[in-house]
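Subject: Structure handover

Hello,

Here is the structure I promised to pass on. Please open it next to this email; my notes follow below.

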Amino acid sequence: MSELYATAIFLFVLFALLGGSVWIGLALMGVAWVGMELFTSRPAGDAMITTIWTGASSWTLTALPLFIWMGEILYRTRLSQDMFRGLAPWMRFLPGGLLHTNIAGCTIFAAVSGSSAATLNMVGKMSIPELRKRGYPEYMIIGTLAGAATLGLMIPPSLTLIVYGVTINESITKLFMAGVFPGLVLAGLFMLYIMAWHFIYKEQRPEPEPPMPFGKRLSESRFLLPLFGLVFVVIGSMYLGYATATEAAAVGVLGALALSAMQGSLDWKTFQGSLMGATKTSAMIAFILMGAAFLSLSMGFTGLPRALAELIESYNLSPVALIAVLTVFYLILGMFMDGLSSVVLTMAIVEPMIRAAGIDVIWFGIFLVVVIETAQVTPPIGFNLFVLQGMTRHDIGYIAKTAIPMVGLMLLMVVILVIWPELATWLPENIRQGPGR
């Protein structure tokens with residue numbers, strides 16, 4: 001009964017604060033403060049200071065602002081135009097034509113961004129005008145973009161995986177490597193959907209693209225080389241064991257600065273804008289993580305996570321059944337909260353449950369990202385839907401309808417991960433270890 005009482009108090013205070021439009025980080029700290037005052041004799045102020053400092057001074061967390069800054073720098077370059085120019089010659093002859101540039105563009109930019117919103121903005125500005133000009137159906141343009149932009153959460157570097165890794169004290173590099181194959185498989189599912197549309201709805205196809213000589217296609221591909229080089233340096237250095245996630249992020253920032261300088265788009269205004277954008281985003285995420293760390297400590301004193309884990313264990317759920325329950329839970333939670341908040345708010349309770357069930361925490365991180373990706377395109381608070389609404393001026397209901405097939409494919413990806421967990425675990429288990437790592 002004491003755990004039930006504590007749960008009711010935690011939920012009441014949390015929803016009261018969130019309903020009052022209090023910042024999520026402050027709301028989490030407020031709930032934790034109430035818990036410390038009611039359920040323990042330890043001074044809440046001292047505990048908060050110690051916990052927040054310990055969480056905020058984590059070396060692993062340094063990768064977060066660096067990867068955000070790298071994405072901000074690239075967002076302000078001419079990368080989007082160059083990327084479309086380099087991709088279009090190779091996509092135009094596939095069934096579904098240039099719609100594949102939405103998927104390929106999001107996959108590539110996800111490998112240097114880490115944010116679905118940044119990926120959506122970057123690729124959307126590139127592809128929406130071009131695809132409309134060529135007569136592709138509006139619902140396919142928007143739907144495929146809404147789904148593919150979520151790849152920014154999974155393909156490394158992923159801000160969500162960094163937050164998850166810091167929260168459960170797991171290797172960021174291993175989590176990054178775990179996201180590579182599932183991200184590529186999900187991108188493949190999206191491309192198969194476009195191909196199926198091409199053959200089923202023949203009357204909706206636009207006019208075929210004019211032929212292009214092979215030499216011309218190769219020539220246009222040179223615009224992709226700088227971005228591919230940056231992706232190789234960032235991800236390759238981690239896989240080969242030459243750099244940790246934080247070191248790779250620092251190299252990525254230097255590479256992004258060099259890339260924008262070579263394009264002639266690096267001036268003081270661009271540099272200052274990227275730095276301020278990264279600072280604001282990083283501060284917001286760090287504030288949420290501080291609140292979550294304090295809340296985890298407070299809940300630990302109540303015994304709530306342990307009691308809930310024991311309750312779940314008493315039902316004797318199989319790992320697959322537990323994953324099914326958590327899928328529904330995170331989908332519902334994701335309809336009302338952003339992905340990062342969902343992760344930090346629930347890990348104190350969910351982590352003991354998955355460890356007790358024998359579920360691999362690396363695999364669970366990828367599962368969690370897929371489900372959070374799905375929540376990004378489901379109303380009423382699907383963040384990608386709002387970004388697309390701002391870009392296209394369509395009604396939010398229309399945009400949500402166009403994304404329904406992509407939601408189905410992401411849920412199919414959850415099933416694929418359950419059937420073949422090696423998709424997420426093989427690469428981290430075989431990652432090379434550099435000297436002293």
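Of the 437 residues of the protein chain, 55% count as buried. Keep in mind that this is a predicted model.

**Overall build**

The protein chain has 23 helices and zero strands. Its radius of gyration is 22 Å, close to the 22 Å from the globule rule for 437 residues, so the chain is as compact as a globular protein of that length. Along the principal axes, the C-alpha atoms fill a box of roughly 75 × 45 × 45 Å.

Take the contacts between residues at least 6 apart in sequence. Of these, 79% join residues at least 24 apart.

**The core**

In soluble globular proteins, nonpolar side chains tend to be buried together. Here, the largest nonpolar core has 145 residues. Y164 and F364 have the most contacts inside this core. Helix 19, residues 361-375, gives the core its largest share, with eleven residues.

What does Y164 touch, leaving out residues up to four places away in sequence? The list is L175, V343, M347, I354, V361, F364, G365 and L368.

Helix 23 covers residues 422-429. Its residues L423, A424, T425, L427 and P428 are buried. The cover over these buried residues includes helix 10, helix 11 (180-200), helix 13, helix 19 and helix 22 (404-419).

N102 sits in helix 6, residues 100-113. With a relative accessible area of 0%, N102 is buried. Beyond four places in sequence, N102 is in contact with V123, S127, L131, I141, T144, L145 and A148. N102 and F190 are 88 residues apart in sequence, yet their C-alpha atoms are 9.7 Å apart.

A63 belongs to helix 4, residues 63-75. A63 is buried too, at a relative accessible area of 0%. Setting aside neighbours within four places in sequence, A63 contacts I162, A245, T246 and A249. G165 is 102 residues from A63 along the chain, and 11 Å separates the two C-alpha atoms.

K216 is in helix 12, residues 214-220. Is K216 buried or partly exposed? Its relative accessibility is 41%, so K216 counts as partly exposed. K216 and P89 are 127 residues apart in sequence, but 8.4 Å apart from C-alpha to C-alpha.

S221 lies in the loop between helix 12 and helix 13 (225-239). At 16% relative accessibility S221 is under the 20% cut-off, so S221 counts as buried. S221 touches G86 and W90, not counting residues up to four places away.

**R132**

R132 is part of helix 7, residues 116-133. R132 is partly exposed, at a relative accessible area of 36%. Beyond four places in sequence, R132 is in contact with E138, I141, T392 and H394. D46 is another matter. R132 and D46 are 86 residues apart in sequence and 58 Å apart in space, C-alpha to C-alpha.

**Backbone points to check**

Where is the cis peptide bond? The bond joins P156 and P157, and omega is about 0°. P157 is in the loop between helix 8 (138-148) and helix 9 (159-168).

N169 has a positive phi of about 60°, although N169 is not a glycine. N169 sits in the loop between helix 9 and helix 10 (172-178). Its relative accessible area is 71%, over the 50% cut-off, so N169 is exposed.

Best wishes

Notes
Residues numbered from 1 in each chain as written. Predicted model: local features only at pLDDT ≥ 70, side-chain atom pairs only at ≥ 80, totals over all residues. Heavy atoms only, no water. Core = buried A, V, L, I, M, F, W, Y, C linked by side-chain atoms within 4.5 Å. Buried < 20%, exposed > 50% of the residue type's maximum accessible area, 1.4 Å probe, protein only. Helix = DSSP H or I, 4+ residues; strand = E, 2+ residues; numbered from the N terminus. Contact = heavy atoms within 4.5 Å. Rg over C-alpha atoms; globule rule 2.2 N^0.38 Å.
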